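Open the model in your viewer and keep the selection panel handy. We will go stop by stop, picking something to select and looking at what is there.

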Protein chains: 2
Amino acid sequence: MDVTMKDVAKLAGVSLSTVSRVLNDSSLVREETARKVEKAVEKLDYQINDSARILRTNTSNLIGVIGAGMERPFLANLLKGIEAEARERGFALIYGDSDGEFEKEQNYLNIMKQKKIDGIILITTNYYNDLLSIVKNYNIPVVFASGYISDPEISCVTVDNVAAAYDMVEFLCQSGHKNMAFIKGPDLDMLASQERLRGVKLALRLSDIEYDSKRFIEGDFTFESGYSAAKKIINKFPDVTAIFAFNDEMAVGTIRFLKEQGIKVPEDISVVGFDGIDLGNYTDPALTTIKQSGYHLGLKSIEMLNQIINEGKIEDNKVFIPHKLVVRESTNKLNELTTKQEVITKNRG
Amino acid sequence: MDVTMKDVAKLAGVSLSTVSRVLNDSSLVREETARKVEKAVEKLDYQINDSARILRTNTSNLIGVIGAGMERPFLANLLKGIEAEARERGFALIYGDSDGEFEKEQNYLNIMKQKKIDGIILITTNYYNDLLSIVKNYNIPVVFASGYISDPEISCVTVDNVAAAYDMVEFLCQSGHKNMAFIKGPDLDMLASQERLRGVKLALRLSDIEYDSKRFIEGDFTFESGYSAAKKIINKFPDVTAIFAFNDEMAVGTIRFLKEQGIKVPEDISVVGFDGIDLGNYTDPALTTIKQSGYHLGLKSIEMLNQIINEGKIEDNKVFIPHKLVVRESTNKLNELTTKQEVITKNRG
DNA sequence: GTGAAAGCGCTAACAG
DNA sequence: CTGTTAGCGCTTTCAC
C-alpha cells in the first residue's frame, strides 16, 4: 500500500496528530518538531489520502464543472479560464459534458454530490431551470456561467447578451442596413441565444424596423449550421444586405456560403458574428463581431464561486463581463446611392 | 448532514451490510429485501459517500487528465472523446491543464495520486520524459495520447505523425512542388512536431530534395504564429510554391498573410495543414490537410486505459489511429509550364 | 506542545 | 441470505 501518515509519524518519532498538525499548518507545533515531520514527509514522498481527509472534514477542494458544447472555441477558453483560476485557488476540477441533455446533467450532479464537491460551475443552457431546482435542493454553492439567471438566489456571470446584440444591430442600422437576417442559436438554448434575440428585437424596434420572425433562422453554433442557414436566407431573402450570426463560427460558415455563390462580403452583404474568437482575425474578410473573453468569464466564475464557498454568500451575484464591438472587414457602410433598395427604385424610376 | 447508509438501513429495516450489498449489485440478496432497500434509497434520495467508499476500496473510478493547450480545436475534441468514453465506462474525470510546464504537471500528478485516481491520460509534449519517470514510479496505469512513446512499458495512442507528414510531402512533391517551406510546432514539443518533422525529412530525401533547416520556421500552433511564420517565409524564400504548416490553425494564419500580400492561394502558393479540424472546410480556400479524429483518439485512449486498469496489462500498447490526406482547395498541381522556376528560366532564356 | 482515542461512512470478512 | 464487526487514513476533541 501507499505511504500513510502513520509511517511518517513513526519515522519522525511523533504521533499521528502531530503529523496532521504540521501538514495543516497548525501553529501549535514546535518548529523543531515540524522540521522533523517535514523531513520524514519528504523522505517517504508522502501524499495525503484525500478520501480520508474528505471523509473526515467533509470538504473536498473540488469544483464540479458541467458543460455542453465545450469544444467550441469560446467555451474551450472559458474552461481554460476556469481551470487556471481554480488551480490558483487550490481547487481541482471534476469535469463533465452533458451534451445538453438533462439526464446527463442530472447524472453528473449526483456523481459530483457523491464526491462532496465544494461548489459547481454550470455552463448549460437547455434545461437549466430543471437543473437549478436540483441544485437548490442540494444546497450546494453554484455559479452559472452561460447566461443571465433571473432567480435572485442564483449567482451568474455572463456577457450582457441583450446589450451586446443590441449594439451590433444598432451598428448595422447606423451603417445603413435595413434589410437584415439573423442566425440564432438552437431554440432549446434558453439563455445566450434568447438574450441575443431580445437585444436584436429591441434594436430593431428603436430603429423602426419591423420584426419578422421568418428572418431568424435557427442554427446550432457550428460552421455547418451557419453555412446552411445562409443558404436558406439567400433563397428566401435575396435582397438582404446584412447577416448577423449569433456566434463567430456560424458567421464563418455564412461567409463561406456567400463566397461560393459569388456574393461578395462585405460589398454585397455584410456578415457579423458574436464572441470574438481568435479565428475572426484570420478569416478573409476578417470578422466584425462582439468581442468577449471566455477566459475572463471563467476566471470570474471561479472567483465568485470561491467567495460563496468561503463566505457563504456573495454581495453582487449577477455580474456582467465586458464586451466590445470590434469592426473589422466583413461589414460595409451602406452608401445610400448603392443600396440595393435604391438601385431597384432607380431602375424602376 | 447528508443522508447516510445508516439512514437507509434503518428505514428499510435491514442492516448496513445489506444496503451495501444491494447497492453493489451483490446477488446474495433476496429480491424482496433488495426492493425494500431500493425504495428507501429512492425515498431518502440517498447518494453514496464516495470518499468513504474510496477510502475503503482504494478504487475511485476516477481518471485524471493532464493536458496542455486544450483550447485548440483538435485537442478540445480529444477531450470531448475522452469525456464521452469515460462517462460511458463509469469513470469521472479530474481535469488539469499544465500549460506545458513541468512543475504544474508534477503538481497535478500529486493531486491526482492523492485522490487515488484509477488511471491517467497524459496529453503533454514538452517534458513528457520527466513525467514518465514519475508516473512509472507511482505505478499507476497511464496512456499517452499525444504522440508515440518509445518506452516499451508505456501505452500510447496517436496518429502516425511520421507517416502522415510523409504522405503530405509526397503529395506535394507529386503535385510538382520542389520549393517548399514548413511551419513546425514549438521546438519544446518533443512529440507530434518532432515526428512530423521526421516524416517530412524522410519524404524529402526520397524525393531527392535537399533538406534545408532554414526552411523550417518555428510556430506554436496558433493562427498568429502561422501568420508571422508565413511572413518570414515570404521574406526569406520568395520563390516558395508550397507551405506545409504542422497544424490547421497555422495554415489558416498563413493563408491570411498571403492574401494580404496579394499572393493567391493556391495559384501562387499552395498551403496545407494538419489535423483536419472542421474549420478547414469553411475557409477560403478550403484547406488541404491531414485528417485525424481527435474525438476518436480520446475514445481509444480511454478504452486502452480501461483495459490496463481492469486487466493489469494490455496486449497492444502502441496504437495508431487512422489518418487521411484530404485534398481540398488550397493546393494546386504545379503545371510545369507555369512553375515559377520555369518562368524565371524562360525569362532568362 | 504533544499524544490517545473516537469516529467520519463505507466494505468485506466472518458468523450465523 | 443477512447481521456483526473491524478497520480504511485522516482530523479533532480532550487530556496531560
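Start by selecting helix α1 of chain B, residues 5-12, whose buried residues pack against α2 (16-23) and α3 (31-44) of chain B. Contact here means heavy atoms within 4.5 Å, while helices (H or I, at least four residues) and strands (E, at least two) are DSSP runs, numbered from the N terminus.

This is a predicted model, in which local features need pLDDT of at least 70, side-chain atom pairs count only at pLDDT 80 or more, and totals for chains, interfaces and linings use all residues. Residues are numbered from 1 along each chain as its sequence is written, chains are lettered from A and ligands numbered from 1 in the order in which they are written, and side-chain values use heavy atoms, with hydrogens and water left out.

Now show the side chains of B:M5, B:V8, B:A9 and B:A12, the buried residues of α1(B). Buried means under 20% relative accessible area, exposed over 50%, and partly exposed in between (1.4 Å probe, protein chains only). Look down the axis of α1(B): its buried residues fall within an arc of 100°, so they line one face of the helix. That arc is taken from the directions from the helix axis to the C-beta atoms. On the other side of α1(B), find the exposed B:K6 and B:K10.

Next, visit the ends of this helix. B:T4 caps the N-terminal end of α1(B), with a side-chain oxygen 2.9 Å from the backbone nitrogen of B:K6. Just after α1(B), B:G13 has a positive phi of about 70°.

Move on to DNA strand D. It is surrounded by 26 residues, and the closest are A:Y46, A:R56, B:S17, B:R21 and B:T33; a residue is near a strand if one of its heavy atoms lies within 4 Å of it. Sugar and phosphate make up 56% of the atoms of DNA strand D that come within 4 Å of the protein. Colour α4(A) as well: with 5 residues, it gives the most to the surface near DNA strand D.

Key: A polar contact is a pair of N or O atoms within 3.5 Å; within protein, one must be able to donate a hydrogen and the other to accept it, and residues adjacent in sequence count only if both atoms are side-chain atoms.
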